[in-house]
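I set out to look up a few packing details in this model and to note them as I went.

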Amino acid sequence: MGKFWRIVVYEYSRNVFRRRFLFGLLSIPLLMVGMGLLFVLLIRNDVDTRPVGYVDRSGLLADPVSPPRPDPPDRPVEFVPYPAEQDAEAALQAEQIQAYFVLGEDYLETSRAELVSLKQPSASAQDQFRALVRATLLASQPVAIQERLKEGNHLTVRSADGSREVNESEWLNLLLPFFAGFAFMIAMFTTSGYLMQAVVEEKENRTMEVLLTSVSSQQLMAGKIVGMVAVGWTQLLVWGALVIAALLIGRNYSESLAALRVSPGFVAISVAAFIPSFVMIAALMVAVGATVTEAQEGQQIASIFTLPVVIPYWFTFQILSNPNGPLAVGLSFFPFTAPVTLPMRAGVTVIPIEQLALNLAVLTLSALGALWIAGRAFRLGMLRFGQRLPWREIFTRPGKRVAQ
Amino acid sequence: MTSVEISHISKSFGPVKAVDDVSFEVESGEIFGLLGPNGAGKTTIIRLMLDIFKPEGGSIAILGGPMSEAKKERIGYMPEERGLYQDIPLERCLVYLASLKGVKPETAKRQVGDYLDRFDLAAHKNKKVKELSKGMQQKAQIIATLLHQPELVIVDEPFSGLDPVNTQMIKDLLRDLNRQGVTIIMSTHQMHQVEELCERILLIDQGRAVLYGELDGIRRQFMGHAVLVRAAEELPQLPGVERVEAHNASQRLTLASGTSAQEVLRSLVTQGVTVEQFEIAVPTLDEIFIRVVQPEGGE
């Protein structure tokens, strides 16, 4: 194994088997699961499970048909018929029921019902009453017609070239780019933060000087960057595997999850955008680490590079409503905003191939430029113990006076 | 055969001339002393030799030619400011550093074990480096310098932070290495350590070479025309003696031109003085250092 790969393996294993990395790796999915469980618990505790009454003057519900059980976390509500509104009102005042519906004699003609309650009943209770009425209305129809009418409209939006389509049951597909972008940002920020901290520490505790008598500055810098990018991708792959496992399990319980389709094109664009972006940010972090004397100072400077990555989220509505508009296209060309903007656009539109190729070329060139800056900063700053390296020196100092 | 040939090298940092037209050679198999006060430019010369810095002028040949990546595996370097990974176990740190010098990890692990035993650090191999005492870290740094069995060892202030027992151990180790044919360049400002170990030295001050050559020759060069005498009684007037000064428990007699030490000894015996000690006054390296570094009449 060459020295470059030894550095890669060392940097990778040193970080991946650290407690702070494992904590970060598992804490995000656990946090998501925890939030999901909290959400379910809040809904379950918030839902009023008392029966709902009804007064049916139309005679429609004289022989009601049981509606299907609601999807979890909703719980089935019991429906109690009352012969007259006074009886239902008395039950409501006695808090035996949470609300009651009144179906007038002309319900079949008008489809209008009245809801009476002391406070707004849950949406689930109202949905279940509608399901009860619908099931009873359709009871005389053949099963196939019942099912079709219950499903309602199917609206599918298809791109002109036929390569992409979205329908309303696939709303989760729209959220996928957001989650992918968030995962990328968290992985990138944490690992490139570790990288910068390591460079500052090794510079200030003189480990760098020992290392440079064994390997070249290029080998050391490249090994560190590749090792840390591998750490970041480990994080992304583990999270990706957990999400896939969760989806495979969840699709048995949720129609929305079952309808989720991840297009290979979206994955390819995301990966193609994330890799050079990761290298670019990691290289800039190395440059920052080489120019400062304390990790905290480095983090403040690094925010110049990391904050723009978040900018596309500020313009989510504009990007989604006009994914091929000037703002979305412009953000795709800016290297710091491209890694989040491109997957966001790819989730809702077809990015013209020549434009995409240009976006990725800009990202790759930016990554190469960042590597050049990192190389210069690394060589000039690595032995300046306790001294800051002015950034202008990176660009102005002649290279021949520096160890290559 | 020379291990290092430095010819007229210079290096500046901004307006400061850290190394100014310095030349010297280090013979293979010798212990060479690189001396100078703090800030004289010793560490910069070492970094230039190791190709960490590029000189602005002059040439450097290491182990028979310009520095290369392959040659890094034949050189061991211990910097003045010790540099070990602080947050990982000692054994892992040493094995990794050895692997970067081209030693296979399994061989490195075996050698690390041997060295840790020899340096009484075996019980601490699983401790993080930052948990070790300063002396232990110093020994660990020396192990890192020697693990790959280098031909040329460069040690910068190797005794700083060590107690007398460990200082002696490091001296013995350097002598052992030298007997095995390893060339050693020792940079220090501790003159007595150089006197014990080195045959040849380069003394630099403010980036310039001020003394270079064999230690004995340099001493002779600064010997002056004087003798040290300790007698049981007060010394009488002696012919050919210009000045008498107290020198520790002895008297330092500065001789007039044309007067030899033998003549002074003969005068002492003739006058019935009980001579307890009589020796040619040879300056210590400390004295030479002060005389060279401090200008005449300086503080």
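Entry 1. I looked for what covers the buried residues of α14(A), and found that the cover includes α12 (295–314), α13 (316–321), α15 (338–348) and α16 (353–381) of chain A. The model is a predicted one. I then listed the buried residues of α14 (residues 326–333) of chain A, which are A328(A), L331(A) and S332(A). Viewed down the axis of α14(A), these buried residues fall within an arc of 105 degrees, so I put them on one face of the helix. On the face turned away from the buried side of α14(A) I noted the exposed residues P326(A) and G330(A).

Entry 2. I turned to a helix pair in chain B. The axes of α2 (residues 90–99) and α3 (residues 105–118) of chain B come within 9 Å and cross at roughly 130 degrees. I therefore recorded α2(B) and α3(B) as oblique to each other. The crossing of α2(B) past α3(B) is right-handed. From α2(B), I listed E91(B), L94(B), V95(B), A98(B) and S99(B) as making the contact, and from α3(B), P105(B), A108(B), K109(B), Q111(B) and V112(B). I sorted the residues of this contact into six nonpolar, two polar and two charged.

Entry 3. I checked the contact between the chains. Chain A puts in 20 residues and chain B 24 residues. On the side of chain A that touches chain B, the elements giving two or more residues are α1 (3–16) and α8 (207–212) of chain A. α8(A) gives the most to that side, with six residues. I counted nine nonpolar, five polar and six charged residues on the side of chain A that touches chain B.

Technical notes: Residues numbered from 1 in each chain as written. Chains lettered and ligands numbered in written order. Predicted model: local features only at pLDDT ≥ 70, side-chain atom pairs only at ≥ 80, totals over all residues. Contact = placed C-beta atoms within 7 Å. Helix = DSSP H or I, 4+ residues; strand = E, 2+ residues; numbered from the N terminus. Nonpolar A, V, L, I, M, F, W, Y, C, P; charged D, E, K, R; others polar. Buried ≥ 20, exposed ≤ 12 C-beta atoms within 10 Å, placed from the backbone. Arc of directions from axis to C-beta. Axes fitted to C-alpha atoms, helices over the stretch in contact; angles between N-to-C directions. Parallel < 35°, antiparallel > 145°, perpendicular 65-115°, else oblique. Left-handed = near helix turned anticlockwise from the far one by under 90°.
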